[in-house]
Amino acid sequence: MRIRDWDYNLKIRLFGEALMNITFWMFFPFLTIYFADAFGKEQAGLFLIISQVFSVLANLMGGYCADRFGRKTMMVLSAFGQGLVFIIFAFSNSPWLDLPILGFICFSFAGVFGAFYWPASQAMVADVVDEKDRSSVFAIFYTSINIAVVIGPILGAIFYVHYPFEVLLIAGLVCMLLSLLLAKQIRETAPVFQAESNEASGKWYYAIVQQIQDYRIIIKDSTFLLFIIAGVLVAITFMQLDMIIPVYITDMVHHQEMIKLGDWSLSLNGEQAFGVILSENGLLVALFTISVTKWMGKYQERNVFILSSIIYGLSIITFGLSGSIWVFIVAMGLFTFAELMTAGIQQTFVSKIAPDHMRGQYFAAASLRYTIGRTIAPIAIPMSLWFGYPITFALLGALAFFSGALYYLMFQKVEKKTLEHAESI
């Protein structure tokens, strides 16, 4: 599906979110290093876990709110909220104020608003795009994010390191600009919400009770539950790109020669090496997401999910084998390929099984893979102190391998249900 044939809502979002993502990635990759320096590794790991607990709760509420109040409403409010906390974050790390704890609080609230934004944005795509075209549309949005992952860290290495206040302030203003753009330019796409007409529905607690009941129905599907659990294990591995990997690289690389040509050589410190690795990930995703998504479409979903988990495991173990920049580059190549294998088919898998009136909640439940994974992932930072880097990376690889086994069980259930349905006809 060509972009010129897209719904107008999606065209506006593609432009606005691309701008927001570039500014976001100018500072986000460096925050783990910032918090580890400010609080110490163990305390930083604990704080990051706490912040993600709030994101998990917000994610659950986000799906319900996207179905109840509308996709547009939640996206506008979430973008504005993120902009506000980024501006406060800027002043907590400014020439006039140095309060890392306030910055951490703002970081936590930014995660909460992001968790409200995500289910609504994904549900809107499913609302306006036919099922046969969804994989390609999701893949293009994914590509735009990763173009930002290429550009953002490069700009961040130039500007954020020297001007953190200005970069955070600009990020906040861009988020508010996106909020205004969404409010003025897009339309609501959610089906009309039919409120239940009973006495309890007027009580303040009814929405929470109803939401818990809806999610209980979703989680009772054992196939979908396996999908979430396996996804959490993969996410714990994937989220290390923002957690232990930047800390590890800055610890291992101090002033390492990367390229030497005659008398000329290029040497990098830890933060610069991490910027190169992160930009490699973003560049590969930007270049190959659509082609790899089409390639993976030729194979059974089961094989793609399982092989992706195996490659994730191998890549994260490779990171822990050496302190060489070139080993990091090879490991990141494997890591990125594993990421691209399932980039398009995950959301399509969810959209196929979600009822129209509960799409927001299904996407929210599915994205628990990331929010729960991100909640657990920071434990790897203090683990590196307890067990050392090699064992920590080996344990992370084992989690990825185990997720592959869970995907195998999940697709066995899918095939069994399909066979039973065919026999009953």
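One cut-off comes up throughout: a residue is buried when its relative accessible area is under 20%, exposed when it is over 50%, and partly exposed in between. What you have on screen is a predicted model.

**Stop 1: Glu-17 and Arg-13**

Select Glu-17. Its relative accessibility is 10%, so under the 20% cut-off Glu-17 counts as buried. Glu-17 and Arg-13 form a salt bridge, and their closest N and O atoms are 2.8 Å apart. Show helix 1, residues 8-25, around them. Both residues lie in this helix, four residues apart, which is about one turn. An α-helix has 3.6 residues a turn, so residues three or four places apart point the same way.

**Stop 2**

How many salt bridges does a search of the whole structure find? It finds two. You have seen one of them, Glu-17 with Arg-13. For the other, select Arg-71 and Asp-127, whose closest N and O atoms are 2.7 Å apart. This pair links distant parts of the chain: Arg-71 sits in helix 4 (residues 71-92), Asp-127 in helix 5, and 56 residues separate them. Is Arg-71 buried or exposed? Arg-71 has a relative accessible area of 0%, so it is buried. Asp-127 has 21%, so it is partly exposed.

**Stop 3: the nonpolar patch**

Select Phe-91, Trp-96, Leu-97, Leu-99, Ile-101, Ile-105 and Phe-109. Together they form a nonpolar patch on the surface, with about 680 Å² of accessible area. Which helix gives the largest share of the patch? Helix 5 (residues 100-128) does, with three residues. Center on Phe-109, which lies in helix 5. Its relative accessible area is 45%, so Phe-109 is partly exposed.

**Stop 4**

Select residues 222-238. This is helix 9, with 17 residues. From its first C-alpha to its last it reaches 24 Å, close to the 24 Å expected at 1.5 Å a residue. Helix 9 is mostly covered, with 13 of its 17 residues buried.

Now pick Thr-237, which lies in helix 9. At 0% relative accessibility, Thr-237 counts as buried. What does Thr-237 touch, leaving out residues up to four places away in sequence? Its contacts are Tyr-312, Ile-316, Phe-335, Leu-396 and Ala-400. Show their side chains together with Thr-237.

**Stop 5: Ser-308**

Move to helix 12, residues 301-319, and select Ser-308 within it. Ser-308 has a relative accessible area of 3%, so it is buried. Beyond residues up to four places away in sequence, Ser-308 touches Ala-338, Met-341 and Thr-342.

**Stop 6: His-255**

Next, go to the loop between helix 10 (244-252) and strand 3, where you will find His-255. Is His-255 buried or exposed? Its relative accessible area is 65%, so His-255 is exposed. It still has contacts. Not counting residues up to four places away in sequence, His-255 touches Ser-267 and Leu-268.

**Stop 7: the hairpin**

Select strand 3 (residues 256-261) and strand 4 (residues 264-268). They pair in the antiparallel sense over five bridges. Then look at the turn. Two residues lie between the strands of this hairpin, and Gly-262 takes a positive phi near 65 degrees.

**Last stop: the whole protein**

Clear the selection and zoom out. The secondary structure comes to 18 helices and four strands. Of the 425 residues, 54% count as buried. The protein exposes about 18,800 Å², and carbon and sulfur atoms supply 68% of that area.

Definitions and conventions: Residues numbered from 1 in each chain as written. Predicted model: local features only at pLDDT ≥ 70, side-chain atom pairs only at ≥ 80, totals over all residues. Heavy atoms only, no water. Patch = residues over 30% accessible without salt bridge, like charges linked within 9 Å, V, L, I, M, F, W, Y side chains within 5 Å. Areas by Shrake-Rupley, 256 points an atom, 1.4 Å probe, with all protein chains shown as cover. Salt bridge = Lys/Arg side-chain N within 4 Å of Asp/Glu carboxyl O. Buried < 20%, exposed > 50% of the residue type's maximum accessible area, 1.4 Å probe, protein only. Pairing = 2+ DSSP bridges. Expected span 1.5 Å × (residues − 1). Contact = heavy atoms within 4.5 Å.
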